[in-house]
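Here is a short tour of some packing details for you to follow on screen. Take a look at the sequence and the structure, and then read on.

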Amino acid sequence: MPTTLTIPPCDAGSRPGRRFVWMPLVCGWLLMLATYSPPGRDVQEVPVEHDPAAITKLVLRLCVCGMLGTAVMATWRSPRFREALRVMAPWICFLAWAVLSALWTPLLSVTLGQAFSLGVLMLMAGAVAIGCRDEQDASRVLCGLSVGLLVCSAALLALRLAVPASAALSRDAFGVAHSTNSSAAAALAVLLLVGSRLAGGWRWSRVVLLPGLAVHGVVLVLANNRLSVAGLVPTTLALFLIFGPRGWRSFSMAAVGAAGALYLGFDAGLSLVSDAVAGVAMYAARGQSAQELTMLSGRAEMWQVMWESFLRSPWIGHGYFTCSETGEVYVWYAWGNWTAHNVWLQALVSTGMVGLTLLIAGLVRIYGGVLIAATTGKAPPKIAILLAAVLGWCLVWGFGNESYLGPLQPESVVFFTCVGMGAGLLVTARETAAAGGSRAASVIAPRRGRRLAWEGQ
């Protein structure tokens with residue numbers, strides 16, 4: 001039995017109840033629900049005041065904002081609330097800068113609307129930071145995210161099969177959900193499930209793993225998004241190499257070597273491999289020509305236009321979620337307020353160097369701080385590595401997409417929930433250091449006295 005150090009007592013306001021962990025997750029589920037649209041909806045043609053879907057989304061986000069705001073402010077007297085503010089200070093400054101950019105944006109309603117969505121996500125991250133103190137709380141957060149994403153993927157798959165007119169999991173701009181965002185959510189869900197099973201071994205991960213892999217796998221195949229899979233493969237492989245049982249790793253490498261040698265004995269010319277590679281390449285090409293693939297599906301043209309737009313206002317940008325000083329650029333044979341299709345370029349164009357600096361500071365503060373705390377025994381190493389894997393996937397995904405700086409999507413909810421989870425563990429690490437004694441053993445090991453029915457601790 002490992003020795004568990006006693007946690008010094010804390011005041012009543014510094015330990016939120018278990019419901020405080022689940023409440024922001026329920027809000028996250030509502031935000032995921034608010035990202036889908038009825039088929040055939042054209043946001044360019046219908047005014048907001050006459051768009052029932054837009055009104056419904058706004059009402060849901062207002063309700064979520066009220067719920068989260070009430071819960072967070074109920075803890076404002078606690079030391080944990082104040083410490084969470086310090087940890088998330090760069091993110092709060094980035095949000096403030098996004099709101100301030102309404103002073104010079106040509107699209108006031110767009111900037112304020114998207115800044116409000118960003119604020120709701122930040123509020124959710126703050127609520128998670130206050131409630132998520134240790135590995136057991138992190139397990140609940142990961143469970144909530146996994147269940148929410150599984151419901152989303154299952155619903156989209158059911159719509160695709162039962163209601164083809166919904167255009168679910170297609171590249172139709174007027175469908176229920178675009179294949180790009182659906183694929184991103186499914187890839188993140190697979191990463192969380194595999195990471196939770198390998199790193200934590202929680203009972204809920206064993207229950208959800210197989211149905212999750214089946215449903216999300218079908219979604220990934222139907223959505224056919226290259227970049228989401230490109231980020232998923234190396235991150236899951238890294239998690240397997242880090243957390244996989246040593247025997248299984250050795251057996252897997254030996255099995256691959258033996259299978260390769262056996263295959264070469266039957267097919268020395270590699271004809272089957274050539275046919276398989278050709279089939280995979282045809283599937284991944286999605287009917288695009290070699291020139292289109294070289295131009296990254298038109299992104300090279302988009303990036304050039306956006307870079308030129310950035311140079312016209314390099315320090316403060318054109319306003320949050322605004323692509324130029326006029327609010328639109330001409331690219332892909334159409335005028336519009338396009339996103340940059342790259343998270344860093346999106347930050348530069350819309351918020352300038354000031355915004356990008358704050359964004360990088362926020363990422364380093366949370367993820368770098370958690371990794372450092374894990375190396376000193378003040379945070380769970382397995383959760384820190386899993387959060388690093390999520391960030392790694394987001395970096396790959398952000399190469400070709402605006403990611404969490406775009407419209408509110410399920411992957412945005414996952415990203416900011418992970419930010420909140422990292423901030424919560426970092427706050428606990430700071431509390432540990434301030435207490436003068438290590439809480440590491442009780443933070444890293446789940447508390448045996450508070451058993452979770454579905455974790456089987």
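In this predicted model, Leu118, Leu121, Met122, Met124, Ala125, Val128 and Ala129 of helix H5 meet a set of residues in helix H16, namely Ser412, Val413, Phe416, Thr417, Gly420, Met421, Ala423 and Gly424. Contact here means heavy atoms within 4.5 Å, and helices are DSSP runs (H or I, at least four residues) numbered from the N terminus.

How do the axes of H5 and H16 run past each other? H5 covers residues 108–131 and H16 residues 410–435; their axes come within 7 Å and cross at roughly 35°. The axes are lines fitted to C-alpha atoms over the stretch in contact, with angles from 0 to 180 degrees between N-to-C directions. The crossing of H5 with H16 is right-handed, that is, the near helix is turned clockwise from the far one by less than a right angle.

Next, the rings. The whole structure holds twelve aromatic pairs, meaning rings of Phe, Tyr and Trp (its six-membered ring) with centres within 6.5 Å, where planes under 30 degrees apart are stacked, over 60 edge-to-face and the rest tilted. Two of these pairs are set out below.

| Pair | Centre to centre | Angle between planes | Kind |
|---|---|---|---|
| Trp91 and Phe416 | 5.8 Å | 75° | edge-to-face |
| Tyr330 and Trp335 | 5.4 Å | 50° | tilted |

Trp91 sits in helix H4 (residues 89–100) and Phe416 in H16, so their pair ties together parts 325 residues apart in sequence. Both Trp91 and Phe416 are buried (under 20% relative accessible area; exposed is over 50% and partly exposed in between, with a 1.4 Å probe and protein chains only). Tyr330, in contrast, is partly exposed at 44%, and Trp335 is exposed at 56%. Ring pairs also link Trp91, Tyr404, Phe415 and Phe416 into a cluster.

Finally, the cysteines. The whole structure has zero disulfides, a disulfide being a pair of cysteine sulfur atoms within 2.5 Å. For Cys394, the nearest cysteine sulfur is that of Cys418, 7.4 Å away. Cys394 is buried at 5% relative accessible area, and Cys418 is buried at 1%.

A note on conventions: residues are numbered from 1 along each chain as its sequence is written, and side-chain values use heavy atoms, with hydrogens and water left out. Local features need pLDDT of at least 70, side-chain atom pairs count only at pLDDT 80 or more, and totals for chains, interfaces and linings use all residues.

Notes:
Helix = DSSP H or I, 4+ residues; strand = E, 2+ residues; numbered from the N terminus.
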